[in-house]
Amino acid sequence: MSNLNNLTISDALDGMEKGDFSAHELTEAHISAMEETRELNAYIVETPEIALEMADASDKKRAAGNAGLMEGIPIAMKDLFCTEGTQTTAASRILEGFVPTYESTVSGNLWNAGAVMLGKSNLDQFAMGSANITSYYGNVINPWQRNDSDAQLTPGGSSGGSAASVAARSAMAATGTDTGGSIRQPAAFSGIVGLKPTYGRCSRWGVVAFASSLDQAGPMTRSVRDAAIMLEAMAGYDAKDSTSVNVGVPSYQKALTGDIRGLKVGIPKEYRMDGTPKEIDEAWEQGIEWLKSAGAEPVEISLPHTKYALPAYYIIAPAECSSNLARYDGVRYGLRVDGESLDDMYERTRGEGFGDEVKRRILIGTYVLSAGYYDAYYNKARRVRTLIANDFKKAYESVDVILTPTAPSPAFGIGEKMDDPIAMYLNDVFTVPASLAGLPGISVPTGLSSEGTPLGLQLLGKAFDEETVLKVAGVVEEAAGFSAFPQLMAGGK
Amino acid sequence: MSVDKNTVAKIARLARIRVDEKQQEELTGELNQILGWIEQLSELDTEGVEPMTSVVEMTQPLREDVVNDGYYVDRVTKNAPESAHGFFAVPKVVE
């Protein structure tokens, strides 16, 4: 590995602008790193030829004075974004061999801004999971290991391949999608920054849908500044997504002033939960102290319906998934398993094409939407969702931003929590409420657990106020000074 | 509320997912575990609370009802497991 792999996006942009190195060289360094770290299984498909072609085009654009926001930056694209001419699987068998004839808006925005595609990163199948163990293409391994142990840890999920590639330096950044925590939780487990924007900030067009009222794309990077740069490139109104919101995209970097004096930071008392490891609470306390020393004012707040967020989520998300995934029927794309009749063909195709967790969620969703249960389950969950959104609305009358832990534990071992779906769901206990409320959130790495694995803190903001979230995240990042490296990265320790 | 094996078979049929006897057994246990956990929502009084329809307060966008896309059948059918004459092909459904 060359030292190019350790640069942040902002440093790399400066380096290319000064002529220290080219996009071609930067991309080659990452292609080597991708090859060197294949044991992590972070990528489903590597696209080195496309990457070099895009890098050369980038060098020409820069030479002509037309450099974009992400000009020449090699990134991993979560394999949930449709990429024209490159297989897009959502980590499923049912979409194996699917080569989109169109480009998702967000990936298109990134290419237009000059980003270079290294490959399609692995994920939990259809983005359903919190450990990246449900992919048809195998588990992703976290580049981090526990002290004195080479046991394989999960990178979190669903954006596990994206998180692992960024942590292992085989990509400068990656796209993620977050439905209930799928950007923030893997960012915390892998020691990187992950930002879920406000619902409606980034277009969902061309992103394989899981739960449409919750899904949102966002950047996964190694610094808060990089997240600001990449979000600006990804975001924007798109007439092709009727839930895309027509508001201007600010220059997020300008928000990184470091000045948070007088800002009120909400500390929700309901997020102090029984059974949370002591070091998670300690990291949280430390975060509060950092913000206080920077001149912000911590304020205890109450989000009274917090404990109902997860069960409500596990009605709403499966309900939407059961209807979104109805399109995989062996007719228009993907796998077809022949049967004795049309219905038999559908059933065999879907029975063999979907993994266990996906089937579980489709069945739960089908059940809660079925006649007789719709009101008791689905409408009840939507009412609870209103209460949760109102909790946040009320809290933001008195605070500017909210600080919480990102996840209730550091990265766990592959194989742990696997036979109990609910234990797995509890990973998202701190991330799901803001997802239900559509609010922006970021996870910032703040230190290492007693096991030597990363811990993250989460900042949540008001709708469309990613700027405050980024500003405060920048202060946390600066105070934490997180500089540890994972064991399994390109170039070794 | 809980489900039995017959209900699981019925849901699987509605969802057009083939689930064999053994899987039906396993899924009955798993779904009941999840449904039992979801049940805690019933302790919450939601009388008079509007079910959320959209997390962002916005009016639905409207556009003119005109054709603004299309005319590329080959791209639409390119990924089909089977297609013929510009159509998706499926197993015979009428005798």
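This is a predicted model: local features need pLDDT of at least 70, side-chain atom pairs count only at pLDDT 80 or more; totals for chains, interfaces and linings use all residues.
Two residues are in contact if their C-beta atoms, placed from the backbone, lie within 7 Å.

Figure 1. Among the contacts in chain A with a separation of 6 or more, 77% are between residues 24 or more positions apart. Of the 493 residues in chain A, 63% are buried. Chain A holds 15 helices and 12 strands. Its radius of gyration is 21 Å, close to the 23 Å that the globule rule gives for 493 residues, so chain A is as compact as a globular protein of that length. Along the principal axes, the C-alpha atoms of chain A fill a box of roughly 65 × 55 × 50 Å.

**Figure 2. The open sheet of chain A, built from 11 strands.** The strand order is β1-β3-β2-β4-β6-β5-β11-β12-β9-β7-β8, and the pairing is mixed. The edge strands are β1 and β8 (297-301) of chain A, each of which pairs on one side only. On average, neighbouring strands of this sheet are turned by 30° against each other, direction ignored.

**Figure 3. Pairing of strands β7 and β9 in chain A.** Strand β7 (residues 264-268) and strand β9 (residues 401-405) of chain A pair in the parallel sense, over two bridges. Val401(A) in β9(A) is the bridge partner of Val265(A).

Figure 4. Helix α2 (residues 23-36) of chain A has 14 residues. From its first C-alpha to its last, α2(A) reaches 20 Å, close to the 20 Å expected at 1.5 Å a residue. The buried residues in α2(A) are Ala23(A), Leu26(A), Thr27(A), Ala29(A), His30(A), Ile31(A), Ala33(A) and Met34(A). An α-helix has 3.6 residues a turn, so residues three or four places apart point the same way.

**Figure 5. Helix α5 of chain A lying across strands.** Helix α5 (residues 160-167) of chain A lies across β1, β2, β3, β4 (173-178) and β6 (216-221) of chain A. Helix α5(A) runs at about 155° to β4(A).

**Figure 6. Packing of helices α7 and α15 in chain A.** The axes of helix α7 (residues 224-234) and helix α15 (residues 466-480) of chain A come within 9 Å and cross at roughly 160°. Angles over 145 degrees count as roughly antiparallel, which makes α7(A) roughly antiparallel to α15(A). On α7(A), the contact is made by Val224(A), Ala227(A), Ala228(A) and Leu231(A). On α15(A), Glu466(A), Leu470(A), Ala473(A), Gly474(A) and Glu477(A) make the contact.

Conventions. Residues are numbered from 1 along each chain as its sequence is written. Chains are lettered from A and ligands numbered from 1 in the order in which they are written. Helices (H or I, at least four residues) and strands (E, at least two) are DSSP runs, numbered from the N terminus. The expected span of a helix is 1.5 Å times one less than its number of residues. A residue is buried if 20 or more other C-beta atoms lie within 10 Å of its own, exposed if 12 or fewer, and partly exposed in between; C-beta atoms are placed from the backbone. The radius of gyration is taken over C-alpha atoms; the globule rule is 2.2 Å times the number of residues to the power 0.38. Two strands pair if DSSP finds at least two bridges between them. Axes are lines fitted to C-alpha atoms, for helices over the stretch in contact, and angles run from 0 to 180 degrees between N-to-C directions. Angles under 35 degrees count as roughly parallel, over 145 as roughly antiparallel, 65 to 115 as roughly perpendicular and the rest as oblique.
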